[in-house]
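Please keep the sequence and the model in view while going through the numbered points.

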Amino acid sequence: MAKMDRINQQILQELTSDGRISNLDLADRVGLSPSACLRRVQELERSGVITGYRAVLDRQAMGLGFVTYIGVGLGEHTKEAQQAFERAMAEAPEVVECHNITGTIEYFLRVECADLPSYKRFHTDILGTSPYVTAITTYVVMGSPKDLRS
């Protein structure tokens with residue numbers, strides 16, 4: 001495991017902000033030589049602190065600007081019911097996040113669609129056909145004043 005000192009935290013902050021930053025610029029921002037900075041980044045990768053790099057997409061530009069969070073309750077609390085629901089959500093392209101949670105419901109989803117009619121199709125054809133789903137509560141996102149994924 002990589003030690004999480006102030007410099008490693010700075011490296012992670014910079015990479016979170018800009019995953020395409022050059023090693024030379026990163027080293028300059030955190031106050032290290034380029035070789036020392038590269039060694040630290042490689043150690044953070046090797047130790048599993050950094051698990052990958054990705055492109056941040058503008059969902060609105062992709063025609064997926066209708067975002068909802070959905071609380072889903074299951075009628076059965078068996079392993080089979082959970083696995084079946086999770087498989088169905090893994091196959092649904094509209095579901096970009098699926099979290100198994102504690103409380104009065106079992107799952108919390110982030111769903112991204114083009115518009116309300118496409119969400120209704122997802123609601124009816126995917127969630128509505130699952131034999132284990134007994135409760136669906138939808139929260140429509142009206143704005144995201146803080147979203148660290150973008």
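1. Terms and basis. Contact means that heavy atoms lie within 4.5 Å. Helices (H or I, at least four residues) and strands (E, at least two) are DSSP runs, numbered from the N terminus. This is a predicted model, in which local features need pLDDT of at least 70 and side-chain atom pairs count only at pLDDT 80 or more, while totals for chains, interfaces and linings use all residues. Residues are numbered from 1 along each chain as its sequence is written, and side-chain values use heavy atoms, with hydrogens and water left out.

2. Overall arrangement. The protein contains five helices and four strands. Read from the N terminus, the order of these elements is α-α-α-β-α-β-β-α-β. The radius of gyration (taken over C-alpha atoms) is 20 Å, well over the 15 Å that the globule rule gives for 150 residues, so the protein is more spread out than a compact globule. That rule is 2.2 Å times the number of residues to the power 0.38. The C-alpha trace spans about 55 × 35 × 25 Å along its principal axes.

3. Accessible areas come from the Shrake-Rupley method with a 1.4 Å probe; for residues, only the protein chains shown count as cover. The accessible surface of the protein is about 9900 Å², and 53% of this belongs to carbon and sulfur atoms. A residue is called buried under 20% relative accessible area, exposed over 50%, and partly exposed in between (1.4 Å probe, protein chains only). Of the 150 residues, 28% count as buried. Among contacts with a separation of 6 or more, 62% are made by residues 24 or more positions apart.

4. Helix H2. Which residues of H2 (residues 23-30) are buried? They are Leu-26, Ala-27 and Val-30. These residues cover an arc of only 100° around the axis, which puts them on the same side of H2. The arc is that of the directions from the helix axis to the C-beta atoms. On the other side of H2, Leu-24 and Asp-28 are exposed. The cover over the buried residues of H2 includes helix H1 (6-17) and helix H3 (34-46). After H2 comes Gly-31, with a positive phi near 80°.

5. The loop between H2 and H3. Leu-32 lies in this loop. Leaving aside neighbours within four places in sequence, Leu-32 is in contact with Ile-7, Ile-11, Ala-27, Cys-37 and Arg-40. Leu-32 and Ile-7 are 25 residues apart in sequence, and their C-alpha atoms are 8.7 Å apart in space.

6. Helix H4. This helix (residues 79-91) has 13 residues and reaches 18 Å from its first C-alpha to its last, close to the 18 Å expected at 1.5 Å a residue. The expected span is 1.5 Å times one less than the number of residues. Ala-81, Phe-85 and Met-89 are buried in H4. Seen down the axis, the buried residues of H4 fall within an arc of 65°, so they line one face of the helix. An α-helix has 3.6 residues a turn, so residues three or four places apart point the same way. The face of H4 turned away from the buried side carries the exposed residues Lys-79, Glu-80, Arg-87, Ala-90 and Glu-91. Strands S1, S2 (95-100), S3 (107-113) and S4 (133-140) are among the elements that cover the buried residues of H4.

7. Thr-68, in strand S1 (residues 66-74), is buried at a relative accessible area of 0%. Beyond neighbours within four places in sequence, the contacts of Thr-68 include Leu-109, Val-111, Tyr-119 and Tyr-139. Thr-78 is placed in the loop between S1 and H4 and is partly exposed, at 34% relative accessibility. Thr-104, in the loop between S2 and S3, is exposed, with a relative accessible area of 80%.

8. Cysteines. A disulfide is a pair of cysteine sulfur atoms within 2.5 Å, and by this rule the count is zero. Cys-98 is in no disulfide, since the nearest cysteine sulfur, that of Cys-113, is 15 Å away. Cys-98 is partly exposed, with a relative accessible area of 32%, and Cys-37 is buried at 0%.
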